[in-house]
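Here are my notes for anyone opening this one for the first time. Have a look at the sequence and the model, then read on.

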Amino acid sequence: MKLLTCPLNGPRNISEFTYGGEFHPMPDQHKTDSRQWAEYVFFHDNAAGVVTEWWCHTASTFWFLAERNTTTDQVIRTFDANEVFNQRIEFSAMEDDA
Amino acid sequence: MPFGLLKYGLSSDYPAKHHFTPATELKRHYDVVIIGGGGHGTAIAYNLAKYHGITNVAILEKNYLGGGNTARNTAVIRSNYLTEAGVNFYSESVKLFNNLSNEFNYNVMMENRGQLTLAHSDAAIRSFRWRAEVNQHLGVRSELVDRQTIAELVPNLNMSEDSRFPIMAGLWHADGATARHDAVAWGYAKGACDRGVELHQLTEVEDIEITSGRVTAVKTNRGRVECNAVVQAVAGASSIVAKKAGIPLPIHCYPLQAMVTQPYKPVLTPHVSSPQVHVYVHQTSRGEFVIGGGSDPYPLYHTRATMEQRESLSAAAMELFPFLAQARLLRQWAGTTDMTPDYSPIMGLSPVENYYLDAGWGTWGFKATPICGVTMAELVATKKVPALIKPFELERFYRFEQINEAGATAASH
C-alpha cells in the first residue's frame, strides 16, 4: 500500500486520492488570447523529476498540492493550497468584456 | 526444406545469419535523422528508403531496437474507432498489416482473430451501435451482436446473469487481429538497413540544434550529427525530446500495465475486451493468455509492476473467464504511454521547420505502425501533409478541434 499524506486528514492509502493535474499559475483572463488558453488547458510540462501537482482526497473532497518525483514516485511533501493562493483572485469581468 | 532443417540442426557452427548489420560509425551528415528505433521509427525509415529513395537516413536509438513500447504493447490491431479521421486512419493500417509479411518477406505472425468488445450497460450498447454505424459507413467490419452470438463466438466466456456486470451485448469487429510486435520492428529495420539506412543503437540524443527556426543538427552521446530533417518517434519520451527542440506538447505519461500467464492449450480465439471491468484478454498462438489494460491512476516515468494492478486485472479477467483462476502468471510489466487529452496521436508538422512529430501514441501506437510509416515518410519526402494525418496535427489543440477517441479506447489498448 502506498501512502499519501493529506494536509487535512493525515496519511491515507493513495487509492483514496484522485490525481488532479500539474499545478500552473492561471493566466490573467483579461490579457490572454485563445492560443495561450489552449496551452494552459491542454499542454503539460510532463517533466521527469520533481513536479508540483494537484491532488484531491476523494472521500472528503479536500484539494491540496503535492511535490512528487515522477521518475521515482516519491512524494516529497504535500501542502495546503493556502501556501500558494495567499491573496484573493479577481474573477469579475472588466467593463469592456461585458 | 526438411533436409535444410536437418543440416541446420547438425551443423557444428551456428549458421544463422544476422537479420542486418547494425551501423558502427556515425557519419557527419544525414538527410534525415529519426529519433527512436521502435516500430514507428523503423517503419518511417523503411518507407523513406523503399518508396522515396531517401537512404541517407540514421535511426538513433537510446537503447536497443524495439526495446521500448514496441516490446511492451499487447499487439492488438483494430480499426473500430469512433471518429471519421480515426477510423479511416486505423483501417488503412489494418490493410497494410494484412500484407506486411509479404511486404517484408518476413513472417510477422498476423492472426486475424477478430475482436469482441463487451457491453455491460444500456449506455455502452448505445455507444457501440453508434460505433458500428460509423465503422460500417467507412467500410470497416463492425457490428452489434447479441448474447447468443457472443456465446457462439467465445464459448467459455462467463455469460451468467448473476455476475457483478452481466454481459448484455457486444461489438464484434471481424477485422481485429494480433501480430508479433517484435517481428514488425525487426522486419522494418531489416528492410530499411538492407537499403542503406543506418541503425545506431545506444545512441541518445542529448540536444537539438535549431538555427533561425529550422533544425540543423542533433547532439548525441556519440557526437554531433548534421541533418536536413528530424523525425521524433519516441513514445513515452515524447515530451522530453520535444522539449529539447523547444516544442511543448499536450501529453502526460502514464504507465500501462499488462501481464501474461503460462501457456495453456488453445481455448480462446478472439480478442475479448471489456471497457466496464477494464481488462482485455487474448490467447497467443503459443498458448499464453495476455491480460492487459491497466493504466496507473497518476502520471509516472517508471515501468514497475504493481500489486494493485495485478489484483484488479486478475479480478477482471476472472470475471470474464472464471477458469483463469487456475492459471499461473508468468510475468507482469509496464510501458510508459504518452497520453493525449483526446486519445488521438500527434502527427505531422511542428513549430520548428523540418522537425516532424510522431508522438502522443498512448495506448494505441502498435496498431498504427504501418500507416504511420507510410504517411510520415511521405510527409518528410514531399513536405506535404498527407490528407490521412492532417486532422492529427499539433495545431488542432490551438483551434480546439480535438479528435475524441476516448470512448473507443476505453479499455486502454
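**Notes on the two chains**

1. Let's start where the chains meet: 12 residues of chain A are in contact with 18 residues of chain B (contact means C-beta atoms, placed from the backbone, within 7 Å of each other). On the chain A side, helix α1 (residues 34-42) gives the most, with four residues. Helices here are DSSP runs of H or I with at least four residues, strands are E runs of at least two, and both are numbered from the N terminus. That side of chain A divides into five nonpolar, four polar and three charged residues. For these classes, Ala, Val, Leu, Ile, Met, Phe, Trp, Tyr, Cys and Pro are nonpolar, Asp, Glu, Lys and Arg are charged, and the others, Gly among them, are polar.

2. A word on what you're looking at. This is a predicted model, in which local features need pLDDT of at least 70 and side-chain atom pairs count only at pLDDT 80 or more, while totals for chains, interfaces and linings use all residues. Residues are numbered from 1 along each chain as its sequence is written, and chains are lettered from A and ligands numbered from 1 in the order in which they are written.

3. Chain A has one helix and six strands, and along the sequence they follow the pattern β-β-β-α-β-β-β. Its radius of gyration is 16 Å, whereas a compact globule of 98 residues would have one near 13 Å. (That radius is taken over C-alpha atoms, and the globule rule is 2.2 Å times the number of residues to the power 0.38.) The C-alpha atoms fill a box of roughly 55 × 30 × 20 Å along the principal axes.

4. How much of chain A is buried? Of its 98 residues, 13% count as buried. Buried means 20 or more other C-beta atoms within 10 Å of the residue's own, exposed means 12 or fewer, and partly exposed is in between, with C-beta atoms placed from the backbone. Among chain A contacts between residues at least 6 apart in sequence, 46% join residues at least 24 apart.

5. Now chain B, which has 11 helices and 18 strands. Buried residues make up 51% of its 413 residues. Its radius of gyration is 22 Å, which agrees with the value near 22 Å for a compact globule with 413 residues. The C-alpha trace spans about 65 × 65 × 40 Å along its principal axes. Among contacts between residues at least 6 apart in chain B, 77% join residues at least 24 apart.

6. Chain B is divided into domain 1 (24-73 + 182-250 + 342-409) and domain 2 (112-175 + 252-339), with bounds that come from an automatic or database domain assignment. The C-alpha centres of the two domains lie 30 Å apart. Their contact takes 14 residues from domain 1 and 10 residues from domain 2. On the domain 1 side, α3 (69-72) and α9 (238-244) each supply at least two residues. By class, that side has four nonpolar, nine polar and one charged residues.

7. Of its 92 residues, B:V32, B:V33 and B:V231 touch the most other members. Helix α8 (residues 181-194) of chain B gives the most to this core, with eight residues. Why does the core lie between domain 1 and domain 2 of chain B? Because both domains give residues to it. Apart from it lies another core, of 28 residues, including B:F128 and B:W172.

8. Finally, some strands. In chain B, nine of the 12 residues of β12 (residues 252-263) are buried, so this strand is largely enclosed by the rest of the structure. Strand β12(B) is joined to β16 (residues 329-339) of chain B by 10 bridges, and the two run antiparallel; pairing needs at least two bridges found by DSSP.

Note on methods. A nonpolar core is a set of buried Ala, Val, Leu, Ile, Met, Phe, Trp, Tyr and Cys residues joined through C-beta atoms within 7 Å. Two residues are in contact if their C-beta atoms, placed from the backbone, lie within 7 Å.
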